[in-house]
Amino acid sequence: MAQAKVHAKKTEAPCKFSRTMSMADRSGRLLESLDQLEMRVESLREAASAMEQERECILEMIQSIQNGQEMRNICAGEREELDLTANRLMGRTLSVEISVGTIRSSQQEDALRKATAVIDEMVKKLLDNMANGRQQLLALHAACVSEAPAVPIDQKFQAIVISCALEDQKKIKTRLETLLRNVENAEKNIKIMDHQKLDDPKANGCQ
């Protein structure tokens with residue numbers, strides 16, 4: 001019986017030696033996985049940022065249609081129906097909430113607050129005096145572009161923007177560009193309305 005057991009052990013397949021993964025190899029594999037995840041995280045943030053910009057673009061287009069000259073050239077009944085449709089689309093667009101947070105240092109947070117305060121103050125000036133406010137708006141925007149602008153640069157504002165996080169710099173530039181478009185559209189509408197007033201015989205006392 002004992003001889004049979006010894007013989008059975010001899011005929012068993014020899015055990016293969018399994019070398020455990022070294023600490024360096026394990027660390028390398030984990031680092032590779034994290035690198036791949038980092039790329040996916042950045043792709044996710046870029047996609048969310050693109051959706052955020054698309055949302056703002058849609059809102060701006062809806063407002064442009066509502067305030068455009070074509071809307072004024074149609075009868076009141078049709079204009080009311082179009083306004084209802086535009087307001088419905090506005091509400092549905094606003095119901096889409098997209099938020100991409102930005103990690104900032106205390107210095108970057110302070111810079112963003114200062115930049116926001118400067119822009120908010122400039123918007124107040126736009127409402128009071130569009131011509132003067134527009135000049136300041138152009139100077140602020142010039143501080144955010146890399147190419148040489150054709151208008152004076154607000155050096156103080158530029159220093160503040162440079163201290164902001166990169167993502168905040170992009171958002172500041174986008175906000176200023178949106179304000180510029182809105183001002184240009186408002187100026188066009190004013191000119192159109194003033195031109196219509198001058199061309200209206202009744203406005204000049206003619207029958």
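Predicted model: local features only at pLDDT ≥ 70, side-chain atom pairs only at ≥ 80, totals over all residues.
The largest pocket holds about 900 Å³ of space. Its lining is made up of 23 residues. Among these, S49, E52, Q53, K171 and T174 lie nearest the centre of the pocket. Two elements, α2 (23–67) and α8 (166–199), each give two or more residues to the lining. Helix α2 gives the most, with twelve residues. By residue class, the lining of the largest pocket contains 13 charged, six polar and four nonpolar residues.

Salt bridges were then searched for across the whole structure, and seven were found. One of them pairs E167 with R45, with an N to O distance of 2.8 Å. E167 belongs to helix α8 and R45 to helix α2, so this pair ties together parts that lie 122 residues apart in sequence. The two helices named here are also the ones that give two or more residues to the lining of the largest pocket. E167 is partly exposed, at a relative accessible area of 31%. R45 is partly exposed as well, at 24%.

A second salt bridge joins K114 and D110, whose closest N and O atoms are 3.3 Å apart. Both residues sit in helix α5 (residues 106–128). They are four residues apart there, so about one helical turn separates them. K114 is partly exposed, with a relative accessible area of 44%. D110 is partly exposed too, with a value of 30%.

Helix α5 also takes part in a link to α8. D120 forms a salt bridge with R175, the closest N and O atoms being 2.7 Å apart. D120 lies in α5 and R175 in α8, so the pair ties together parts 55 residues apart in sequence. D120 has a relative accessible area of 34% and counts as partly exposed. R175 is likewise partly exposed, at 31% relative accessibility. Salt bridges with shared partners also join D110, R113 and K114 into one network.

The cysteines were examined next. The count of disulfides comes to zero. For C144, the closest cysteine sulfur is that of C164, at 8.9 Å. A disulfide requires the two sulfur atoms to be within 2.5 Å, so the sulfur of C144 is too far from that of C164 for a bond. C144 is buried, with a relative accessible area of 17%. C57, in contrast, is partly exposed, with a relative accessible area of 35%.

G133 is placed in helix α6 (residues 130–142). With a relative accessibility of 0%, G133 counts as buried. Leaving aside residues up to four places away in sequence, G133 touches M122, K125 and L126. M122 is eleven residues from G133 along the chain, and the C-alpha atoms of the two are separated by 6.2 Å.

Key
Residues numbered from 1 in each chain as written. Heavy atoms only, no water. 1 Å grid on protein atoms, 1.4 Å probe; cavity = no way out; pocket = protein on both sides within 12 Å on 5 of 7 lines; lining within 4 Å. Points joined across faces, edges and corners; volume = space filled by probe spheres on them. Nonpolar A, V, L, I, M, F, W, Y, C, P; charged D, E, K, R; others polar. Salt bridge = Lys/Arg side-chain N within 4 Å of Asp/Glu carboxyl O. Buried < 20%, exposed > 50% of the residue type's maximum accessible area, 1.4 Å probe, protein only. Contact = heavy atoms within 4.5 Å.
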